[in-house]
Structure formats: structure tokens, C-alpha cells
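Hello,

Here is the structure I promised to pass on.

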Protein chains: 4
Amino acid sequence: MTARFAVLGAGRIGQVHARAISSTAGASLVAVADALPAAAEAMAGTYGCDIRSIDAIEKATDVDAVVICTPTDTHADLIERFARAGKAIFCEKPVDLSIDRVRRCLDVVDQTGATLMVGFNRRFDPDFIASKAAIDRGAIGKVEMVTITSRDPGAPPLDYIPRSGGIFRDMTIHDFDMARWLLGEEPTTVLAAASVLTDPRIGELGDFDSVNVILRTGSGRQAVITNSRRASYGYDQRIEVHGEKGSVAAANTHESKVQIATSDGFRKPPLLNFFMTRYTAAYANEIAAFIEAINAGTAPPTSGEDGLKALALAEAALLSVKERRAVEVSEVLGR
Amino acid sequence: MTARFAVLGAGRIGQVHARAISSTAGASLVAVADALPAAAEAMAGTYGCDIRSIDAIEKATDVDAVVICTPTDTHADLIERFARAGKAIFCEKPVDLSIDRVRRCLDVVDQTGATLMVGFNRRFDPDFIASKAAIDRGAIGKVEMVTITSRDPGAPPLDYIPRSGGIFRDMTIHDFDMARWLLGEEPTTVLAAASVLTDPRIGELGDFDSVNVILRTGSGRQAVITNSRRASYGYDQRIEVHGEKGSVAAANTHESKVQIATSDGFRKPPLLNFFMTRYTAAYANEIAAFIEAINAGTAPPTSGEDGLKALALAEAALLSVKERRAVEVSEVLGR
Amino acid sequence: MTARFAVLGAGRIGQVHARAISSTAGASLVAVADALPAAAEAMAGTYGCDIRSIDAIEKATDVDAVVICTPTDTHADLIERFARAGKAIFCEKPVDLSIDRVRRCLDVVDQTGATLMVGFNRRFDPDFIASKAAIDRGAIGKVEMVTITSRDPGAPPLDYIPRSGGIFRDMTIHDFDMARWLLGEEPTTVLAAASVLTDPRIGELGDFDSVNVILRTGSGRQAVITNSRRASYGYDQRIEVHGEKGSVAAANTHESKVQIATSDGFRKPPLLNFFMTRYTAAYANEIAAFIEAINAGTAPPTSGEDGLKALALAEAALLSVKERRAVEVSEVLGR
Amino acid sequence: MTARFAVLGAGRIGQVHARAISSTAGASLVAVADALPAAAEAMAGTYGCDIRSIDAIEKATDVDAVVICTPTDTHADLIERFARAGKAIFCEKPVDLSIDRVRRCLDVVDQTGATLMVGFNRRFDPDFIASKAAIDRGAIGKVEMVTITSRDPGAPPLDYIPRSGGIFRDMTIHDFDMARWLLGEEPTTVLAAASVLTDPRIGELGDFDSVNVILRTGSGRQAVITNSRRASYGYDQRIEVHGEKGSVAAANTHESKVQIATSDGFRKPPLLNFFMTRYTAAYANEIAAFIEAINAGTAPPTSGEDGLKALALAEAALLSVKERRAVEVSEVLGR
């Protein structure tokens, strides 16, 4: 069986998904929609698919699934529309920046019985998969502590910051999802500290660039997340999980595995410093997992609920910084 | 000039210092005192020094300096006695488990003008020295974030725990000192989470075995400390400092630098798993720094004030756990 | 411009090239030929190309270039035919197992002015490219010594060995090419030692499984090649180049970058152990370089001459083993 | 029991041994002899031992053992004298530069029944010991190939070269001993290539600075040795042993375990670049093994025979370079 796709939004990440869909057995790219004609035409030209409006895709009988790569503030509406239209939906994180809006959207998904996958690309990185597999086969025994280090090479454009939802919702959200996945138990308490160290204009916009977060689960497992919007040496993406029998750690990805030794010492190159290069395999695996779920009729590996819970941790972290206290996730998650 | 030493307490750590003193140019070991005659005799036999009472050492004219390696609850009293006796004093951390008692003791040291060094051995580890030197020469620019991972191979004997002062005062205190040293700025706020994950009896004694702490300085620099009383793979001791221009990290010390490759993969041996083996060079460097300070008439590199401030961070962390909030160091440090 | 390709031989390596051609801008796959109808049909089905006979491809006006992936003993004949037919030719190494036959074949290529690229995939590996680039930009100064370690996970099927030409022509030939490339100067003298250590049947077939070779250039630069047909830990592929100012080394590629620490030590996974997985990127880069050369009308990066010279080093090594002496390359290369 | 030592030759290496002897339980330093009064006085002052003539030490009844650290051309004579005097003898390698002279000397040792240890310090390096132990416990199965990389930071003073015996006898001799030890079987055939690449004056003195050697044992095991008198990045000392079940490798020793990451990449410091610093632990272990052998009445771990066989490999390598052929060790070793 071949799942027939439409891509909504032909920007950077849309192109990544289009390439993956068109080169995956079991999937075909039928249509693209984008408000910018040039972007849509470029994608249509490369992959030989139609250019259509979102309305047309919604009504199309030759489209089984949509991949939503439009701006964040359109995500929840589009999910609801396509859920009602009976399409399978892959949506880039986040569903929305507001927990209430996410809830209402997921209610619609539930009522329609639609298939929804929210993209958390890191869960599909080969090294993180291998780490999780080692944990799941008992290599380190019961998980005790998770350490996630995540540093961007640089801050996003300043004009993006006000609509990003802030560092916790925009950047740390990936680490919150990783922490939930690796802890194997839901965090209940959040402690966070936040600073502006790399650019005072980030602070003037009400955001932070350097944060540390401690998550604690009901049984006492803990995760620590360290984030910075600055890393001179590339895109720093590490996880380490400590358990009763040992520890598992995934190392960073350098530009090459070449080491040069001189009188100055032994030098390895910087890390891959663009997230789409660093996570090339992860993006391909992610969409493959969605295709596989559609074709098999199973639940996708990352759900709307995963998107909601990561967002709740972000809100709790922000509240912890503001009120200088430990925050219960239930305070922000409500019901 | 040769500084003449007496060692108070001929136990494990006393022996380490005795060996260092007796093999260092500029120092000689004159006497040992220990409540256990066998311990004192063993040390006297090995190094050819006298066995004397603490009273006799206090009055001796052929002793310039004492090294206090007795149980923690005797430290403050002994520091005061020997400060008044005009001896230079090296005391193993902590001065005392009570901030008030430490304050009173340091007041006596101030009034007498005595030389006091409080032992924080890790500052003298060659790899940590090289890390700090790299920071000080500007290799990573302004410091932003410090990450300290410190895991013991196993918990101390359960009967030690009640008199240890708890994990923050007993174990994390070393990391608090490292954090202060590496941050280059005094932490003002402490957030901590604590769990019992390795042995429920530790919890029954009112202590924890797994903790994470976030420290924040006035300008927003942050340090994260991760501690566990369990590490199957040896004594885990890592630091990483992130700055505006890059990052410096000191790796762990394995039993050897041998790697074995088989069909199971590539295996390096576990870490050195005894603190005295891991920090052999650090202990030697530490006492050498004390000897050098005495002989040069300069202030020792780690002071009573350092002991006090690390203890204050421990108290603040404990309060943060209890009250589930960010704690200002000034709350516990008072004046 | 789009170069139109035919693939001769639809086996394992032919499929790799077909996939690369069909996914590269500037190239299209027009036809496949294979003596086995099923193999040809599978490739035609996957890529939507024609199935044709070699004769038909030779005469085709819609084919600009051929990729020869047939058995070794057909290579020289096919190169000559397609050179005369005016097609650009990519041929898997070796051109032939006989130096004389290679010479005659290259003479035809010269006379016809055909474009010929002989496939030495390793030159296109990203880590080896980065190593060579470091050398070329002067990072280690003048090259003095090259060390190449190349170990296969296991021996080829025994029935392949008699037609393989022996380990020097079949396996070491890749390392001879790498050595020439990295030395930056032609080797003139060869010393070799060879043993049978992994399977006595290899010796019964007149071949070896464990060899070491020293190459020496006119100015005294040296290369050492270490080969084994056995490596329990995966496909071992390392290079190290030592120069007056330092050294450059490319590390092996593990199955993942995950390390697991337990009481047994720190374990990384084995190496990728299949050459086509290990060199996935190299194969893609290689055919891209051929396409680029055709479209630009320039000489391909690896030539028939490269094939000849690597083969000459193999013959010299074999002669060195037999006669237990240093062999001049000119002895085997003649004119 | 305490073995009473005299050190003959109070130079750099004599001082290393004196320090080790004086700090080892079971040994005491009684006397030193040196043609330079200042050198003898310095050692006597540091360790509180006598200054005596070699004659006096030969006749002394309070000396059980001598450590010969005088120039190479005195070794054989001194060994013979002290063997006849009934002293246990530790002699720095080599016994002599001439195989015949070594043979005659060892004959005297045999006739007198004296205890003789020839110093091959590398066998006592903790990482190499751990490697050998892994091999001996079967971690890699039967040994097939040994790879030894040994590069000095720089050439010795030019005036030393003529009396050094050449690079094979002076430098590679350590690697020949390591190869014998790690192969677990005596090499029978030697192939070598040699160049002058770092300084033409070395060539003018008839020596080489860059060599590669292949050793082959009777059963076909092989060792490759790579030597250079130049390494910009420190003292390069690596071993790797490949066997039927896997491989064991000992990594180099860096100045520290600190890594600095910046936009230029990840930098580790150069290697320890002075042999006495690199092998500090090895020298201490070596003399401890000699003391232990004396006190236990057992054969020392490295014998005069070891010295002879390493020298024979050096001569065979030199002959291989000169005659451009494989040389049998029996050709140079005679009987």
C-alpha cells in the first residue's frame, strides 16, 4: 500500500519531509500548498507533484495524509480541519503555544479518531535510539538520573523571539520530550533557573538564553537539562542516562572523524552546527515511522499527548523561574 | 627553610599527608598524635617521627605546623587551640557542620592571625588545575555555565551517615567548592532536588543519595551539580565549563588507557574507584601548596572562608529541598 | 546538461551506482544490462529504465556513459569496446589482473581519447577527503610516513579466492591506491611479508590472509600497510599520515556513538562491518565525481593510470614475498 | 630482608633509580660512584649514601646489588666485574653494541651464576602491562599481528649519534623487545626500510631517522614497527595487538585529560614529551621488580638473553636495509 501525501508549507523543514516522502517506498508525494507561489513551484518542480490550495487538499480524495510545516500559529486550526477531513496528520511541534488551545485541538482529534503524530525529531536519531534500546534491554538497570545538554550554535533572529513562546517552549521543549522518553516515568515537579548571558536584547524581549532545569518524577528519578543559545563549537546535543547498573551516553557528532596532532595538541573538528544536518537521519526516520504507522494502521510513536506534556513542562519551568519555587506539573496541566 | 610538621590523626588521610610531608623538600615530619596507640606507632615507625600527645604538640617549640586529620567534630576546637598556639594549620574539610560554629572558629583564627588552610583536594588535581588555567588565560572567554558530575562508587557505611551532616555537607560540599572556584563569581541562589534511589535505609536515616543542584550568581552565571552515591563504573568526577568562546572539560581517569576490541565492541576499563587513588596527585599537590605558603609567608590557596562558603551552599541546598523553593545564600550565611 | 547512463551488471555494486545515478541532478539512468534477466528486471523496475543488451547499449545514441560492474575478467574488453563506441566509462577496479592486459586496454583508451574513471571508492570517503585536505593545506607540513590499517571482518568465500588474484591484488590494492594518494609521491620500492593465520584453506589455495607491506618513495617517504582477512570487531579502516609538523588520522566508524559504562568498563559498539555500509557516502561521492567530470568535460579524479599503478604495487608486493627481497616497482611496471 | 644497593653513574637515569631504591621498602641505597665528583656528591647529599669508587663497591661487603647507569661502552666490563664479585646486577640496555661482546659477557654471567637484569623499561609501563595481561588471559585469542608506533619528539644531539650504534640499536631496540614480548613467539625474519627525512646531518653521520620494520615469526605472526626521530605533538608510544578474537591497544599519554572546544574544534593537549616523565611509573616498577627478584631469589623478568635478542633484531634490520632483502635472525645471531 502506498500512502499519498500532501505537504503544507514548502519551507526548509517542508522540503526535508518532501524529500523523505518521495524517496520512501510506501509513500508518494501528491501535492504541496504554500502561500508563496515560488516555494510551492520549487517543490512541485523537484518532486513532480501538484500545487494545490489547502482547501483543495482538504477535499482531495487522492490524499491520505498531510504534513503540516506551516507557522506555529496555524498548527491547531489545520490539525482540526484535517482531522475532520479524515486525513492522517503529521504536525511539526508544537501544536500550539497555549496549553488550553492544545487541549481543545486534541479533543477534536480524539472525537474524529484521526491519526496524529507530533514531530519530535530527536527520538528518531540513530544514537538516541541506540541509547534508549540499551536502557530498554536493561543494560543499565533501573533509570535514576538523566542528563541532557543541548546548546544551539547561536540565538534565533531577534524578531522570531516574541513569537517563539520563549526558550522553554521553543528550545527546551525538545529536551523535555527527551527527558520524558528517557526517564520512563512522568516528571511531576519542575525547578528551573534562567539567565540572559549571550545578548541583552534577548532579555529586553522578555526571554532567556541560558537555562538549567531539574525534573523530578514521583518515584524520585531526576533529569537535568542544560540549555544555551550559544555554542562556539557547533550544535551540542548530548544525553546521558545513569542507572543502578551503569550509564549510557550518546556523544556529539563532529564534522568529521579526523584528528590533527601538532605542537598545539590534538584537534578534532567542531560539531555539525546546523540542526537539519545534525539530524538528517532523524528526520528521515521520523517520517518513515509516520508512513509505517499509517500503512500498518497503528498509533504513531509520538502523539499529540506527547506534545501536550512537553508543553506543560515548559510552562512549569517558566513558572518556576518567575515564582522562584518548585512547580508541580499538575498546576499547569490542570485536569 | 624547612617547616616542621605534626600530624593529628594517623588514619587513612593522615597517612597520605604524612607521606607527602616526609617526601617534600622544605618540610619535615616531627610528630604524630593519635588516640589509637597502634596507629600512631605505625606512622612513627614508617617515617621516624615522635609520638606525642596533642597537648605536647601544642606546646612544642620544634613544630611549626599541624595537619588536622581527626574526626570532624574535633576540627573547630583543634583549629582554635593551634591558632592560639601560633601554629600554621591545615585542616581537612569541613571545619564544622554548623555555620555558627565555623564562624566562631574563623573569628579566633582572624584574631590570632594564624595561617589556616582548609583542604579542598580537588582544586589541586592536575586536570582541574589545567582546566582552571585555561579559563584564566581566556581560552573560553567569560564563564557562563559550569557542569559538575560527581558520583561515588558506593554509599558510605550506614553508621557514618548520621554524623556526616547529610549528602550536601558531606559529598556535594566538594562540588560547591569547585563550582565557586570555576564560576569565578559567588553563587547567590540555590535550587536543589533530592531523592533516595539506591538504598531506602539512607532515606530512613533522613538523608538522600541522588541530588541535583542549580547555583546562580548575581550576574546570572549558573552551575549544575549532579551527585549520586552509586556508580557501577567507578568514581565519576567530571567538570565542564561553558563560556562565551567555548568550553573546557576534564575527563575521567580510567584504570588504564587500554582498549580491547572484540565482537562485543570496544571496551575501556572502569574508572579508578577509590578517591585516594583517583586524587593521589591532588593530595600531594595540596600539602605542597600548604608547605609553600608557610615557607613563603603567603596566604594558602584555600582558606577558612572557602570552607564557610561551601558549607553555606550545602545548607541552602538542604533548605531548598525542604521548602521546595529557591534559597538565597544570604538567608543561611547571615552577616 | 544531463548525462545519460547505462549500468552493465546489476549486482550489489551495480545497484549502489544505479541508486546514486538516479538520485543525482545532472544524471539519468537510461538502461541496464545483465546476463541474469531477473537482476536486470529488478533494476529496471526500481528505476524505470530499459533492459538492453550490451550490444544495444554500445550502439545506443541515447547513452553517454556506462558504469561497468560486471566480473573482473570482462572489464578490459568492455572498456575497449565502449571507448571505441565513444562512451564515457566508469569501471570498478581492477581493470584486469594482468599488468600487460591493463596496459593494452589503456592504450586503446588513449587512442580513442575516451574518458575513463577507475573506481577507488576510498578516495571519496568524507573522512579521508578531510584528511587529504588537511595535508594539502599544509596542516602537517611535508609528508614523511603513511600508516594504513585495513582489516576485513572475514575472508571472502573460498571459491572466490582463486579468481581474486590474491590478497594483494584484491584487498591491498585499495590501500596501495590510498598510499599513493596520501604519500604525494610515487613509491619506488616494495617490501612485503605474508602469512596464513586465519584459515589454512586460504594457504592451500596459494593465497595469504595477513600481510604487511612497506612502500618507499624516491625521496625516502614511507608507507606501511597492515591487512588482515579477519577482524572480530568490524571493518577496520584507518589511515594516519605523519609529517614534519604533525600528524593527521581518520578514525574508524562505529555502529553508533553510544557508550555504555558498567562495572565491566566503558563499551562502544563494534565498527560498521559491511564495506557498502561503511562506504555509503564514498560510493555516492564517487559516482557524483564521475558525473561532474563528464558534464564539465574534465578528467575524472581517478584514472586508468591509477588502476595500473596500484596493480603494479600489488605485483611487486607478491614478488617481494616470493623472493624475500625489496622489489623495485620498475621491475614489474616495465616501460 | 633489605637489598643494599650501589648506583654506578649518577646521571639522569641513575637519579631515577636512586630515588626509586630509596623509597622502596626492601631496598636501601648504600653508595654511589661517579667519575664526576659533583654528580656523586649531589646524589649522596639527597639520599644520605656514601660516595665510593667502583673498586670499593666491588669489594664492599655491605652492597648486595649494583645498578649500572654508566656509558654504554662500560656496561659489559662492569657486568663481568660485578658478576665475579657476586653482586646482583641491574644494567641499563644495551649490554653492548656488539653481539659478540654481549655473548662473551653473558657467558661470564652464566659461569658465575650471577643475577642480571637488563633494563627494558617499557615492559613495566602500567598500560603495556595491562595490555599484555589481557592477551595472556585470552581476551583476543591467539596473537596474529603486533603494531608498534614509536616516535621521539626530536633527534638526540648529533654528537651522540656516532656512539649510539644507529637508530635500530639505540631506539628501535625498545620496540624489538616489546615486539618479542607481545608476539609471544620469537621473530625469525626481518624486513626493514630506512630513510633520512628530518635532518640531512643524520644521514651524513651514516644513520637514519625514519624507519619501518616487519618482523615475522616461524608460525607466521607478524609485527610492524614504525619509528621516527621527530614528532611535533610529543613522545608517541603506542602498541596494538591483533588476534583471532579481537584487538588490544594502549593509547598515548597526554599532558592532561582536558579538552577545550572552540570554533576551531576540540583540542586535547600534546603528549608528555620527555621519556622519563612518560615512563615515570615504568621506571619505578622496573627497579621494584629487580628488588623483588633479588629478595625472592628468583630470576628477574628481563634477562641478558632479552638484551641479546633485541640487539640481534637490530643488527638484522640494519642488514636488511643494506642488502635490500629479508634477513634471518639466525644469520646475525649465529649459534
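Ala31(A) has a bridge partner in strand 3 of chain A, namely Asp50(A). That pairing belongs to the chain A sheet, described below.

First, the ground rules. This is a predicted model, in which local features need pLDDT of at least 70 and side-chain atom pairs count only at pLDDT 80 or more, while totals for chains, interfaces and linings use all residues. Residues are numbered from 1 along each chain as its sequence is written, chains are lettered from A, and ligands are numbered from 1, in the order in which they are written.

**The sheet in chain A**

Strand 2 (residues 27-33) of chain A runs parallel to strand 3 of chain A, and two bridges join them. Two strands count as paired when DSSP finds at least two bridges between them. Strands are DSSP runs of E, at least two residues long, and helices are runs of H or I, at least four long; both are numbered from the N terminus. The sheet is open, with six strands in the order 3-2-1-4-5-6 and parallel pairing. Strand 3 (50-51) and strand 6 (116-119) of chain A are its edges, each pairing on one side only.

**Domains of chain A**

Chain A is assigned domain 1 (3-114) and domain 2 (123-282 + 310-333). These bounds come from an automatic or database domain assignment. The C-alpha centres of the two domains of chain A lie 28 Å apart. Seven residues from domain 1 of chain A and eight from domain 2 of chain A make the contact. Contact here means C-beta atoms, placed from the backbone, within 7 Å of each other. On the domain 1 side, helix 1 (12-22) and helix 5 (99-112) of chain A each supply at least two residues. That side has five nonpolar, no polar and two charged residues. The classes are: Ala, Val, Leu, Ile, Met, Phe, Trp, Tyr, Cys and Pro nonpolar; Asp, Glu, Lys and Arg charged; the others, Gly among them, polar.

**How the chains meet**

Chains A and B each give 28 residues to their contact. On the chain B side, strand 7 (143-151), strand 8 (187-195), strand 9 (210-217), strand 10 (222-228) and strand 12 (246-250) each supply at least two residues. By class, that side has nine nonpolar, twelve polar and seven charged residues.

Superposition is by least squares on the C-alpha atoms of residues with pLDDT of at least 70 in both copies.

Chains B and C give a second case. A rotation of 180° with 0.0 Å of shift along its axis superposes chain B on chain C, RMSD 0.0 Å. The two copies are therefore related as by a two-fold rotation axis. The C-alpha of Arg267(B) is the nearest to this axis in chain B, at 2.2 Å. Chains B and C meet through the same surface, because 100% of the interface residues of chain B are also interface residues in chain C.

**Arg325 in chain C**

Arg325(C) sits in the loop between helix 12 (304-323) and strand 15 (327-328) of chain C. Leaving out residues up to four places away in sequence, Arg325(C) touches Ser320(C), Arg324(D), Arg325(D) and Ala326(D). Arg325(C) has 16 C-beta neighbours inside 10 Å and so counts as partly exposed. The scale calls a residue buried at 20 or more other C-beta atoms within 10 Å of its own, exposed at 12 or fewer, and partly exposed in between, with C-beta atoms placed from the backbone.

Chain C has an open six-strand sheet with parallel pairing, in the order 3-2-1-4-5-6. Strand 5 (residues 88-92) and strand 6 of chain C pair in parallel over four bridges. In this chain, Glu92(C) stands opposite Gly119(C) of strand 6.

In helix 4 of chain C, His75(C), Ala76(C), Ile79(C), Glu80(C), Phe82(C) and Ala83(C) are buried. The buried residues of this helix pack against helix 3 (54-59), strand 4, strand 5, helix 5 (99-112) and strand 6 of chain C. After helix 4 of chain C comes Gly86(C), with a positive phi near 80°.

Best wishes

Note on methods: Contact = placed C-beta atoms within 7 Å.
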